[in-house]
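Subject: Structure for you to look at

Hello,

Here is the structure I said I would pass on. Please open it and keep it beside this email while you read the notes below.

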Amino acid sequence: MNAKQAFTRILFLLILLVASLFAKHVILGGMYLTSLKAAPPLAGSIAPSLASAGSKNTLPQAGKDFKILKVNYFDNQQWAVVLVAHIPDMNSATLLLQKLNGVYAVVLGPGTTFPASTAQSMPSDVAAYLMSKGLL
Amino acid sequence: MSSRLRGIILGLFIICIATSAWLVVSAIVTSQTTGILRVTSSDSHASLIVSQDNRQALVFGAGHASIRLKPGSYQISASNTGKQTSAIVAVYKKHTTNSYLKPLQSVSLPSVEGVSYVGLDSFLNYGMPSSQLDNLKQALFQFSKSIHSVVVNPDSISPTPHDRNSASTMSSINFKITVDSISYNAVMNYDNLGGGFRLYLYDPQSNGQVFDSGATSVPGGD
């Protein structure tokens with residue numbers, strides 16, 4: 001095998017690799033598989049509420065940007081009070097989530113205290129819990 | 001050319017062939033075992049977010065975007081300037097799931113105004129003051145802060161005959177009501193001058209009382 005033949009074969013291999021990548025792109029329609037990383041419960045529902053105003057394309061990640069310290073469920077898991085901490089300073093905040101159409105949505109927070117008037121809009125056991133924690 | 005160089009080229013050849021085959025085969029397997037989720041929002045600037053139980057949330061586009069996912073149930077959201085709309089969608093393999101997220105609305109604590117009421121205006125036809133209609137809505141919200149819809153069957157409204165010899169301004173109405181698809185028999189006692197109000201709800205099967213709003217004393221009226 002001379003140098004020209006070796007070069008030809010290497011070139012063929014490169015073309016084969018490029019063609020394979022192109023074939024993959026065509027087979028998948030340009031959309032590669034997206035896998036969501038594991039996270040604690042409710043992390044996916046909470047993250048959008050913790051995102052800063054300027055970050056439209058990225059969301060905070062549980063375990064990296066924030067940590068879920070505690071979750072309390074109420075009324076057959078229709079309501080949830082979640083205590084989160086910001087990483088790395090560990091400043092904490094509370095969020096109140098309500099299950100709407102099967103999806104948990106943040107209806108209050110994140111915050112460290114909430115107006116007492118909001119107690120009227122939540123179940124009494126949720127309000128009592130928040131009061132006991134000094135959040136209302 | 002030395003045998004060593006020949007061996008290196010042969011090795012590269014095998015690696016490239018194997019890599020190429022793996023790229024194509026894995027792409028075929030992925031296309032056969034995953035599905036596409038296509039989401040459109042009425043707000044072209046809304047960030048489209050996908051998440052799943054015990055999974056991180058991910059922004060995959062704005063306004064209109066597609067994503068390839070493993071089969072399963074996912075939560076999608078469209079979020080923009082504090083407003084958010086969410087939905088649960090199912091992704092199937094070899095299938096494209098289309099989803100449209102309705103106009104965004106602010107997600108906030110439930111309120112009396114946020115509940116859908118149907119048929120309540122019928123009480124006005126029986127002379128009930130409109131202020132008592134507000135008390136009825138408040139009482140229902142007190143019954144459950146999580147309610148979304150209330151439906152009163154106008155044909156079920158049955159006022160208790162008022163004693164003409166009595167000086168009392170209180171009236172009572174029996175009716176059937178559906179709260180979030182659950183039916184109840186209801187009795188409503190109210191002051192025609194817009195004063196006191198009280199609502200009772202009963203289980204239609206057992207006639208057991210499930211709710212008592214308690215007596216309220218509201219000044220004023222119509």
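Start at B:Val179, which touches B:Leu140, B:Phe143, B:Ile147, B:Ser149 and B:Tyr184, leaving aside residues up to four places away in sequence. Bear in mind that this is a predicted model. B:Val179 belongs to strand E12 of chain B, which covers residues 170–179. Is B:Val179 buried or exposed? Its relative accessible area is 4%, and buried means under 20%, so B:Val179 is buried. B:Val152 is 27 residues from B:Val179 in sequence, and their C-alpha atoms are 8.8 Å apart in space.

Next, chain B as a whole. Its secondary structure consists of 2 helices and 16 strands. How does its radius of gyration stand against that of a compact globule of 222 residues? The globule would come out near 17 Å, whereas chain B has 31 Å. The C-alpha trace of chain B spans about 120 × 40 × 25 Å along its principal axes. Buried residues make up 41% of the 222 in chain B. If you take the contacts in chain B between residues at least 6 apart in sequence, 49% of them join residues at least 24 apart. The accessible surface of chain B is about 11,700 Å², and carbon and sulfur atoms account for 53% of that.

Two packed helices are described by the distance between their axes and the angle between them. On the H1(A) side, the residues making the contact include A:Phe12, A:Leu16, A:Ser20 and A:Lys24. On the H1(B) side, they include B:Ile9, B:Phe13, B:Cys16 and B:Ser20. Sorted by class, this contact has 17 nonpolar, 4 polar and 1 charged residues.

Last, helix H2 of chain A, residues 43–50. How many of its 8 residues are buried? The count is 6, so H2(A) is largely enclosed by the rest of the structure. The buried ones are A:Ala43, A:Gly44, A:Ser45, A:Ile46, A:Ala47 and A:Pro48.

Regards

Note on methods
Residues are numbered from 1 along each chain as its sequence is written. Chains are lettered from A and ligands numbered from 1 in the order in which they are written. This is a predicted model: local features need pLDDT of at least 70, side-chain atom pairs count only at pLDDT 80 or more; totals for chains, interfaces and linings use all residues. Side-chain values use heavy atoms; hydrogens and water are left out. Contact means heavy atoms within 4.5 Å. Helices (H or I, at least four residues) and strands (E, at least two) are DSSP runs, numbered from the N terminus. Ala, Val, Leu, Ile, Met, Phe, Trp, Tyr, Cys and Pro count as nonpolar, Asp, Glu, Lys and Arg as charged, and the others, Gly among them, as polar. The radius of gyration is taken over C-alpha atoms; the globule rule is 2.2 Å times the number of residues to the power 0.38. Buried means under 20% relative accessible area, exposed over 50%, partly exposed in between (1.4 Å probe, protein chains only). Accessible areas come from the Shrake-Rupley method with a 1.4 Å probe; for residues, only the protein chains shown count as cover.
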